[in-house]
Amino acid sequence: MDKGIPKNILITGGAGFIGSHVVRRFVTKYYDHYNIINLDALTYAGNLENLKDVEEAPNYSFVKGDIAHSDFINELFSKHKFDGVIHLAAESHVDRSISDPVSFVRTNILGTVNLLNASLQMAKDNPDFLFYHISTDEVYGSLGKEGFFTESTAYDPNSPYSASKAGSDHFVRAYGATYRLPYVISNCSNNYGPNQFPEKLIPLFINNIIQNKPLPIYGDGNYTRDWLYVKDHAKAIDLVFHRGKKGETYNIGGFNEWKNIDLTKLLCRLMDKKLKRQEGFSEKLITFVKDRPGHDLRYAIDATKINQKLGWEPSVTFEEGLEKTIDWYFDNQEWLDHVTSGDYLEYYKRQYQA
Ligand code: NAD
Ligand code: TYD
């Protein structure tokens with residue numbers, strides 16, 4: 001990579017789960033190539049504790065702000081003249097989207113369009129500018145028992161979350177077609193790993209097992225997800241940002257499908273081992289509860305394109321990734337206590353008033 005003047009790269013949502021891994025990777029790996037500006041509104045899901053180890057790095061800065069505020073976004077872009085944007089900021093939890101769809105439209109669609117508008121000027125001034133939109137496989141809707149999502153699968157979202165992500169993907173493509181904005185999009189399967197907020201299945205269940213609380217399985221538990229370790233997603237984002245073909249989409253997934261009930265039983269076994277509990281102890285916490293409305297039956301990504309074109313493949317098996325994740329939550333009980341008590345939000349809100 002050319003060592004010249006460092007480029008200014010905006011990462012949105014960098015205080016969140018996946019964003020914090022992407023920020024860390026880019027700040028450390030490209031320390032003399034990029035200035036990383038992390039823009040995050042610090043909602044309930046944003047936590048600067050995720051980035052403690054890089055916050056003093058000279059090529060890193062944090063800006064608290066809301067992507068849904070267009071004036072603020074335009075000012076930020078004029079100030080930093082970004083060379084590239086990696087856009088992860090989003091409302092990301094399906095259950096919340098069912099009770100509050102408007103917040104998802106606001107952040108995921110309006111926020112994305114504000115970033116796209118501000119990016120147009122950057123692209124005019126800099127032929128190398130790139131807008132990279134991070135999306136989800138949930139835009140494709142639900143698979144039956146067979147088959148995989150490919151890059152040409154038609155969009156068919158079922159939840160307000162996936163509908164808002166599909167909307168934002170469409171806007172990115174439309175800005176490419178209409179205004180010639182250089183972009184790439186990637187659609188990834190379910191992530192797990194350190195720093196994930198304990199509302200999503202894996203961290204919620206780890207936390208509940210530690211606390212001896214019920215593990216609420218929606219419906220019959222036969223719903224299937226394709227799980228990917230978050231650091232492997234960050235590695236894929238690095239590759240797509242640097243080597244992805246402009247105007248194209250890349251699907252990212254681990255060829256790692258699990259029915260929720262089987263995953264939960266595996267997690268219970270690993271947790272019993274970790275907690276030195278009798279085998280079968282944690283499984284007794286499993287409780288079948290009312291199903292999620294519009295619950296997609298199965299997601300599974302065909303990741304052939306990114307594998308063949310960019311040479312990406314996952315680096316850990318599911319069991320290895322789960323063990324690393326469990327170890328991380330055990331070693332970071334304080335993080336878990338903070339995010340479940342909400343104390344960290346008050347602290348950082350006071351520190352970074354918008
Ligand atoms: P997350 O909820 O952990 O983090 C989202 C971050 O965005 C938080 O730090 C939050 O403070 C910030 N944010 C929310 N609204 C904002 C706003 N209006 N302005 C600025 N910042 C705002 O989410 P995540 O799981 O890390 O997901 C990151 C991205 O990856 C999302 O775009 C999501 O759709 C996508 N994705 C997630 C998964 C997954 O399994 N988690 C899978 C595929 C794709
Ligand atoms: P989740 O982690 O919310 O991700 P997504 O809905 O984006 O796939 O859920 C993963 C799967 O686990 C999904 O099929 C819903 C199910 N689930 C439960 O059965 N119980 C729970 O408490 C949660 C949070 C999810």
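Contact, as the word is used in these legends, means heavy atoms within 4.5 Å. The structure is a predicted model, in which local features need pLDDT of at least 70 and side-chain atom pairs count only at pLDDT 80 or more, while totals for chains, interfaces and linings use all residues. Residues are numbered from 1 along each chain as its sequence is written, chains are lettered from A and ligands numbered from 1 in the order in which they are written, and side-chain values use heavy atoms, with hydrogens and water left out.

**View 1. Surroundings of Ile 86 in the nonpolar core.** Leaving aside neighbours within four places in sequence, Ile 86 is in contact with Ile 9, Leu 10, Ile 11, Thr 12, Phe 26, Tyr 132, Ile 134, Ile 237 and Phe 241. Ile 86 is also listed, with Ile 11, Phe 26, Ile 36, Tyr 60 and Ile 306, among the residues with the most contacts inside the largest nonpolar core, which has 41 residues. Such a core is a set of buried Ala, Val, Leu, Ile, Met, Phe, Trp, Tyr and Cys residues joined through side-chain atoms within 4.5 Å, where buried means under 20% relative accessible area, exposed over 50% and partly exposed in between (1.4 Å probe, protein chains only). Helix 7 (residues 230-243) gives the most to this core, with 7 residues; helices (H or I, at least four residues) and strands (E, at least two) are DSSP runs, numbered from the N terminus.

**View 2. Polar contacts of ligand 2.** Here a polar contact is a pair of N or O atoms within 3.5 Å. An oxygen atom of ligand 2 lies 2.8 Å from a polar side-chain atom of Arg 225, and an oxygen atom of the ligand is 2.9 Å from an N or O atom in the side chain of Asn 190. The backbone takes part through Tyr 218, whose N or O atom lies 2.9 Å from an oxygen atom of ligand 2.

**View 3. Asn 195, a residue with positive phi.** Asn 195 has a phi near 75°, a positive value in a residue other than glycine, and its place is in the loop between strand 7 (190-192) and helix 6. At 6% relative accessibility, Asn 195 counts as buried.

**View 4. Phe 255, a further residue with positive phi.** The phi of Phe 255 is near 45°, which is likewise positive in a residue other than glycine, and Phe 255 sits in the loop between strand 10 (249-252) and strand 11 (257-259). With a relative accessible area of 51%, Phe 255 is exposed.

Terms used: Polar contact = N/O pair within 3.5 Å; in protein donor to acceptor, adjacent residues only side chain to side chain.
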